[in-house]
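Visitor: I have not looked at this structure before. Please take me through it one question at a time.

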Amino acid sequence: MRRHSFHRIWVFLALLFLAEAWLWDHLEPVVARVVNLIPWGRLKVRSRRLIEVLPPWATLFIFIVPFLLMLPFKFLEVYFLATGNWFGAIGVIIFVKIVGLGITAFIFDVTRRKLLQMAWFHRMYEWFLDLRIWARGITEPVRERMHQLMWLMKPGRAARFLRHFMRVRRNAYRNRTA
């Protein structure tokens, strides 16, 4: 029983990790497009030049930028929680999560080449890639079951399934009473 509970916890954590990875993969291009819309051409060129000039260890400090940008929203989240505005707090949490993850993904994409020059960072990056493969493996049965349920829920299929289920049930009941 205890081992089964731990397995459920691991599957849940793996699903959370995959959700983060999915957001990371899908938000980075969106943030890149939004950044490209900003008419700050000189600023973007300067920031890219700055990153190219910085040593690899200094590029780590660039990751403070998303935290600093999201900090006022975190205070707003605490205010909403303190005043009992749960919907506002949940909305701010979701907004901060999506925007912060998107900005961090964009910054990582810009700084990846520099960061991977550091051996410890390269090992950690490879470890996260391995962790992602592990999470996909452990959640495969759950994801497969979800795909089956989604297939079943398409219009018309659920009704056919229920009619078939009820027919089988009626026949089983008739056979039992006969």
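Visitor: At what angle do the axes of helix H4 and helix H5 cross?
Guide: This is a predicted model. Helix H4 covers residues 64–83 and helix H5 covers residues 86–115. Their axes come within 9 Å, and they cross at roughly 175°.

Visitor: Are H4 and H5 roughly parallel or roughly antiparallel to each other?
Guide: Angles over 145 degrees count as roughly antiparallel. The axes of H4 and H5 cross at roughly 175°. H4 and H5 are therefore roughly antiparallel.

Visitor: How many nonpolar residues does the contact of H4 with H5 have?
Guide: On the H4 side the contact includes Val-65, Leu-69, Phe-73 and Phe-80, and on the H5 side it includes Trp-86, Val-92, Val-99 and Ile-107. Sorted by class, three residues of this contact are polar and two are charged. The nonpolar count is 17.

Visitor: Which elements make up the chain, in order from the N terminus?
Guide: The chain has zero strands and seven helices. Read from the N terminus, the order is α-α-α-α-α-α-α.

Visitor: What percentage of the residues of the chain count as buried?
Guide: A residue counts as buried under 20% relative accessible area. The chain exposes about 14000 Å², with carbon and sulfur atoms supplying 69% of that area. Of its 178 residues, the buried part is 23%.

Visitor: Which residues is Ile-107 in contact with, leaving aside its neighbours within four places in sequence?
Guide: Ile-107 belongs to the largest nonpolar core, and it is also part of the H5 side of the contact with H4. With those neighbours left aside, its partners are Ile-62, Phe-63, Val-65 and Pro-66.

Visitor: Is Phe-80 buried or exposed?
Guide: Phe-80 lies in helix H4. Not counting residues up to four places away in sequence, Phe-80 touches Asn-85, Gly-88, Ala-89 and Val-92. The C-alpha atoms of Phe-80 and Val-92 are separated by 8.8 Å, with the two residues twelve apart along the chain. The relative accessible area of Phe-80 is 17%, so Phe-80 is buried.

Visitor: What is the relative accessible area of Leu-71?
Guide: Leu-71 has its place in helix H4. Its C-alpha atom is separated by 9.1 Å from that of Val-96, a residue 25 places apart from it along the chain. Leu-71 is partly exposed, and its relative accessible area is 26%.

Methods: Residues numbered from 1 in each chain as written. Predicted model: local features only at pLDDT ≥ 70, side-chain atom pairs only at ≥ 80, totals over all residues. Heavy atoms only, no water. Axes fitted to C-alpha atoms, helices over the stretch in contact; angles between N-to-C directions. Helix = DSSP H or I, 4+ residues; strand = E, 2+ residues; numbered from the N terminus. Parallel < 35°, antiparallel > 145°, perpendicular 65-115°, else oblique. Contact = heavy atoms within 4.5 Å. Nonpolar A, V, L, I, M, F, W, Y, C, P; charged D, E, K, R; others polar. Buried < 20%, exposed > 50% of the residue type's maximum accessible area, 1.4 Å probe, protein only. Areas by Shrake-Rupley, 256 points an atom, 1.4 Å probe, with all protein chains shown as cover. Core = buried A, V, L, I, M, F, W, Y, C linked by side-chain atoms within 4.5 Å.
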